[in-house]
Structures are given as structure tokens and as C-alpha cells.
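Subject: Structure handover

Hello,

Here is the structure I promised to pass on. Please open it first, then read the notes below it.

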Amino acid sequence: MNYGILFSKLRKDKHLTQKEVCDGIVAQAILSRFESKNGRIDFDILMQLLHRIHVHPTEFLAMCNQDNISEEYAFNQRLHAAYYNASDNQILLNEERNKFTTTHDIHYLINSVRVEATYCKKNGKSFEHLSGDIEIIKDYLISLDSWFISEIILYLDILFIFDDNFIRTQHARMTRFLSNLPFGIAHKNSLQSSYGHNVTVLAFERCNFKDIPLYLSYFERTLTKDPRSLTNALYYSTYLKLWHLIHNYSKYEFDQLVESINIFEQYGYEDEYLELKEFIIEVVNNNQLV
């Protein structure tokens, strides 16, 4: 929807006149032109006007881009199905590849790699044939002076396609970009914890002992006293115990660790409990600790 038309609708919904809204901010004639189909207005003035009608800028932009949001939601729904179905996977993969060929928009290439690599990972197949595309994506990410929410979310989703050295060299940048996000504390912390969790798990899966302390330390710093972060605190505690177990294995400590994660099941996180238990056993077996 056009920005001016949407603003006009929101203003009227709140039973405010143009004169009331623009008073002390901008001439009424400018607001009137903005609310017309082709009207334009300075960004700073728009922020003041949105504040005047008590609409958050993020909410306003989301309403303006509702079609794009719906398209992204539909893509994510298809993406989930494509992870488990070879036919759906190939259809979505071809669509994203064709869009990349037509538009040269690298985000379509990233989407295609995301589709294929995730399918391969979930089905125990190699995605080594994607190495050329992965190098292009790495070069693209390195070339950016800043990552914003779209790059951060994509990086979180496809973290597993990158080698340990790349992830390590990008760690300081990623944590800086996360801390610079213009979001509220809860939203920002959620993304920081997700990254801390994912990068730690990946290091364990790859027996990347060199970097586990670095990622565990970051994960710990993302924990807060907010009750909503309790699950992350439990994950962190589990990974820390697992790290100590790798260095000083005993059957008793292993049994104690497995028993300690029963708390996930007690709180109703049955799937998370089973997944975490399987993960612990896999890490222990991979390191030939048994």
C-alpha cells in the first residue's frame, strides 16, 4: 500500500484531522499532498507524524509491505515442505534458480542453496556440489559493510553450509551486527541467543574443539534473567556440561548429564528433550568417549 494513503487511513481511524496531526511539525498542505496517491514527504517528518498518531514505524512499514510479507510467509511454508519431499524440493529449487538467472538478485541464489543444502542435510546427503555457490555467498557477505535483519536471518538459517574458518572469522562481525540491530531488548536478545545456540551446536557436531569455548562464552553472555530465556539457560548449562564431559569422560557424569535434561520433558518440551538426548549421545559417540 502507498505510504501516504496508509497514513491517511490510520489518521482517520484515530479520528484525527490533518490540522491536528501536522500542528507544529509540517504545513498542512504538505501533509495533504503526502496523503494523496503520489505524495512524498521527508523521512524525519514522517517519523514525527507517526509518533503523533501513536503508530510505531516498524508496524507502519509492515502494513505498507503486507504483500511482501505474505509472499515471504508463503515461501517459508513451501520451504518447510521442500525439506522433506524431493519433488517439492526440486520445484522450489528450480523456481529460485530461475529467479536468480532472470534478476541476478543474490538472495534468490541464497534461497536456492538454502533449499537444496537443507534437504541434503536432513536426508544425510552431501551438498559438496554447491561449493561454488557457497563461495559466491561468502564473498557477498564479506563485501557488505553491515548486515541487517535480512542478512542476519539468512546467515542463521544457512550457518551449517559454511566451513569452520569462515564462521570463526565472521563471528566478531555477526555479534556486532546483532548488537547494532534497532530492535527492542527482547527481540534483539532472541536473535543473539539463537545465534549463540546454533553456532555452539554446530561446533559440537563438527568436533570443532578449537572454537567451542568462544561460542559457549558468547552464548552465556546472551542469557538474561527474563523467564522467557529459561530454555536457553538450560541449553547453555547442558552444552557446558557436555564440554566438560568431553575433556573428562566418565559413565557416571554421562548418566548425570542425560538425567539432567529430563527437565525439558517435565516442562512439556518432549521433542526438544528427545532431540537434545540424541545430540548428546551423537557427540559422545563421535568423540569415541564410550
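A residue counts as buried when its relative accessible area is under 20%. By that cut-off, 41% of the 290 residues in the chain are buried. Please keep in mind that this is a predicted model.

Overall fold first. The chain has 17 helices and zero strands. Its radius of gyration is 24 Å, well over the 19 Å from the globule rule for 290 residues, so the chain is more spread out than a compact globule. The C-alpha trace spans about 75 × 45 × 35 Å along its principal axes. The chain exposes about 16,600 Å², with 53% of that supplied by carbon and sulfur atoms.

Now the charges. There are 29 positive and 38 negative ones, and their mean positions lie 6 Å apart. The salt bridge count is eleven.

Among them is R11 with E35, at 2.8 Å from N to O. R11 sits in helix α1, and E35 in the loop between α3 and α4, 24 residues apart. R11 is buried, at 7% relative accessibility. E35 is buried too, at 12%.

R168 pairs with D211, again by a salt bridge, with the closest N and O atoms 2.8 Å apart. R168 belongs to helix α11 and D211 to the loop between α12 and α13, so this pair ties together parts 43 residues apart in sequence. D211 is buried, at 2%, whereas R168 is partly exposed, at 25%.

One more item: E135, K138 and D163 form a salt bridge network.

Best wishes

Notes:
Residues are numbered from 1 along each chain as its sequence is written. This is a predicted model: local features need pLDDT of at least 70, side-chain atom pairs count only at pLDDT 80 or more; totals for chains, interfaces and linings use all residues. Side-chain values use heavy atoms; hydrogens and water are left out. Helices (H or I, at least four residues) and strands (E, at least two) are DSSP runs, numbered from the N terminus. The radius of gyration is taken over C-alpha atoms; the globule rule is 2.2 Å times the number of residues to the power 0.38. Buried means under 20% relative accessible area, exposed over 50%, partly exposed in between (1.4 Å probe, protein chains only). Accessible areas come from the Shrake-Rupley method with a 1.4 Å probe; for residues, only the protein chains shown count as cover. Lys and Arg count as positive and Asp and Glu as negative; His and the chain ends are not counted. The place of a charge is taken as NZ of Lys, CZ of Arg, CG of Asp or CD of Glu. A salt bridge is a side-chain nitrogen of Lys or Arg within 4 Å of a carboxyl oxygen of Asp or Glu.
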